[in-house]
Amino acid sequence: MPDANAAPPARPSTAYLDHLFRESEERRRAAPPSDVAPSLLPAAVADAVERAAEALEPDLREIVERLHADPEPAFEEHHSAATLVEVLARHGVEAELGAHGVPTAFRAELGGSRDGGDGPTIAICAEYDALPVIGHACGHNVIAAAGVGAFLALRDVLSGDGSSGKAPAGRVVLLGTPAEEGHSGKEVLARAGAFDDVDAAIMVHPYGQDVAEQVWLGRRLLTWTFTGRPAHASAQPFMGRNALDAANLAYQGIGLLRQQMPPVDRVHATIVEGGTRPSIITERAVMRLYARSKYPDTLRDLSARLDDVARGAALMTGTEVEIAWDDGALPSLPVRTNAALTERWVAAQRRRGRDPLPAGVVSETIAASTDFGNVSFRVPGMHPLVQVSAPDVALHTAEFAAAAGGPAAVPAAVDSAVGLALTALEYLSDDALRTAVHDEFVAHGGPLDVPRYFE
């Protein structure tokens, strides 16, 4: 039973976070107004898209609320995917459930056939998985609503009906992408060909502020299994080789490594197996880790350093170590943000009364990871943030889960649907924008061979 005399866990000081928020506010005030051109579309077309997204508010509310009330973890999003496919069907859109061999993925398309050479293709990614226990603490229910809303808002324009005028040559793909949390569902889909016929990809993520571009770290999953020799811990400890000692040394090695890591690198570790009885020298110990870094090459460097830590701990203790990178998942690369696409998002959000913060205002210290990074190194992509909570509410907390089902969630979904739809349509319609998007992608290195990068 708990010790009645024990002190409760120490409450961390908020001083550092307070400084970060103050510095971000100072940078926001000092940043000159960004010179972003208004919509590249004819006014009647942009207005029609915006009205269409606004008319979808009841459907987007339904998505936000239904998914929030029934959160499903990675690769188990059966109800969530079915809900989104159902909403699409109500609007006359047929979606393929189980797309690309993943039961909870789906795909729908609008516009001309790529095989027919009818122009470029842009994908809108929709996430809808949740975290175990805590639910939609990353707000993927809002992402799903925004993606579906954008796709449906584009239908009239792409069909050439009504006041929207002639449809642009091109295609929009709505891709339902499961298993972002703790996995890399988009990489699974990519390896199954989901992005092979896509020229650019866009999505939005809820957050505590409206941000055009923020740092998203690459992430790899790692398992270390140390194997020693058991022995009686009292009678013959000298005949054992302690796997828990190896794990202990490895854990300390990570701590010592942090002094030489780049400032934004992250390593988180747990010991998930550490022995059975105190009287037995531990034969097997298992550690699970996340490694994160800001760039693909620095993530590769960090991976090599961690390999050395594990091997060194095994050598010191006379144990063996099995190193399993990305076991049960796939790596997530950092997000390579395409500024030309993101600029169009900013213009669309200003129509909605939002003014997304430019890169560098929010500290890169506050950085998470997403499997959209893998997409952004295959094709040009953007991953802006839309505000649904107060700025001091962190992702993956109960407070953010509440915000994802709170009063700001549906307006954020509608505004995001407008932003995604207008960005997609401008990309399809404007040759100069497409050239700028792809020139920038090439200038930053072009596509990366993601599956083989860490080999």
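Trainee: Which residue in S4 does Gly 111 stand opposite?

Mentor: Good place to start! This is a predicted model, where local features need pLDDT of at least 70, side-chain atom pairs count only at pLDDT 80 or more, and totals for chains, interfaces and linings use all residues. Residues are numbered from 1 along each chain as its sequence is written, and side-chain values use heavy atoms, without hydrogens and water. Strands (DSSP runs of E, at least two residues) and helices (H or I, at least four) are numbered from the N terminus. Strand S2 (residues 106-111) runs antiparallel to S4, and the residue opposite Gly 111 is Arg 171.

Trainee: In which sense do S3 and S4 pair?

Mentor: Two strands pair if DSSP finds at least two bridges between them. Strand S3 (residues 121-126) is joined to S4 over six bridges. Thr 121 has Arg 171 as its bridge partner, and the sense of the pairing is parallel.

Trainee: Why is S4 largely enclosed by the rest of the structure?

Mentor: Look at both sides of the strand. Arg 171, Val 173 and Leu 175 point one way, while Val 172, Leu 174 and Gly 176 point the other way. Strand S4 (residues 171-176) is largely enclosed because six of its six residues are buried (under 20% relative accessible area with a 1.4 Å probe, protein chains only; exposed is over 50%, partly exposed in between).
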